Amino acid sequence: MKNTFFAFALLLFISSISSCVVLSPKKYKALLGTKDSLYTAFNEGLIKIENLEKEASKLKKDTTLMAEELRDLQNSYNTVDANYKKLKNNSSSEITKLSGDLAAREKRLKEVEEVLRKRDEATNSLKEKLQQALLGFTKSGLTVEIKNGKVYVSLTDKLLFPSGSIIIDEKGKQALTQLANVLKQQPEINIAVEGHTDNQKINNLGQIKDNWDLSVLRATSVVRYLTENEKVESVRMTATGKGEFQPLGTNANADGRSKNRRIEIVLSPKLDELYNLIK
């Protein structure tokens, strides 16, 4: 507004000069040219000023928007930073707790491994002692082996019983006595006596009805001899009959059936220490 007033005043000034002073046509035309140039330059200046004012207004608006965005970013950063610190503190606590749990589990694992190592050592030692004690009966069908962490003493029926009988003969008693001498020195060993038969049908055996009966009664005979005659603790003993259902060989020939008719004495270390660790 001030610029427009200035231009109008300038024009009046020039007009007043031209009306008061007598000029030659040439000078008058020159003066009019100067006036037109000044007016044109002034208008151009006004346009530039208006453009600059628009630019300034736009910059001010942009600055305001940027300031708002900066505040939003600062707030977002503060929130993220607070969450990070909280997460870091929680993570440190969780990591500490997890490390403690892992250390405890590793300790328990080592304890279990140590118990198992001792069990394996005891099992191997027991096997060696039994093999030495029963060496004289190996030709009569006695074997000693380790399976699944247990010692299996397998005695063929002909080593213990007359054919079709449940009464232990003298040679069988000698073998069981030797076995009992080792077992009484190993109080930490549990003893399971299993009777096994072939699949041949039983005939003329009085009250013994079938192979189930025969397998159970033979196992019971062995348990009674070990506990009553050799004084092995009864609480360590169990007797089971497997009948014909866990054969070692084929029942299609005499040799296979002979392997199937047997007493297996399964010796397993007591694992109370291991069970307590697992619990």
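The following legends describe close-up views of a predicted model. Local features need pLDDT of at least 70 and side-chain atom pairs count only at pLDDT 80 or more, while totals for chains, interfaces and linings use all residues. Residues are numbered from 1 along each chain as its sequence is written, and side-chain values use heavy atoms, with hydrogens and water left out.

**View 1. The open sheet has five strands in the order β1-β2-β5-β3-β4, with mixed pairing.** Strands (E, at least two residues) and helices (H or I, at least four) are DSSP runs numbered from the N terminus, and two strands pair if DSSP finds at least two bridges between them. Because β1 (142–147) and β4 (237–243) stand at the edges with a single partner strand each, one side of each is left without a neighbour in the sheet. Strand β3 (residues 189–196) pairs with β4 in the parallel sense over six bridges, and Gly243 in β4 is the bridge partner of His196.

**View 2. Helix α2 (residues 25–133) lies across β1, β2 (150–156), β3 and β5 (262–269).** Helix α2 runs at about 175° to β1, where angles run from 0 to 180 degrees between N-to-C directions of lines fitted to C-alpha atoms, for helices over the stretch in contact (heavy atoms within 4.5 Å). Helix α5 (residues 211–229) also packs on the sheet, touching β3, β4 and β5, and its direction makes about 160° with that of β4.

**View 3. Asp157, Phe161, Gly195, His196, Leu214, Ser215, Arg218, Arg262 and Ile263 line the largest cavity.** A cavity is a set of points on a 1 Å grid over the protein atoms alone where a 1.4 Å probe fits but cannot get out, and lining residues have an atom within 4 Å of a point. The largest share of this lining, three residues, comes from α5.

Definitions and conventions
On a 1 Å grid over the protein atoms alone, a cavity is a set of points where a 1.4 Å probe fits but cannot get out, and a pocket is an open set with protein on both sides within 12 Å along at least five of seven lines; lining residues have an atom within 4 Å of a point.
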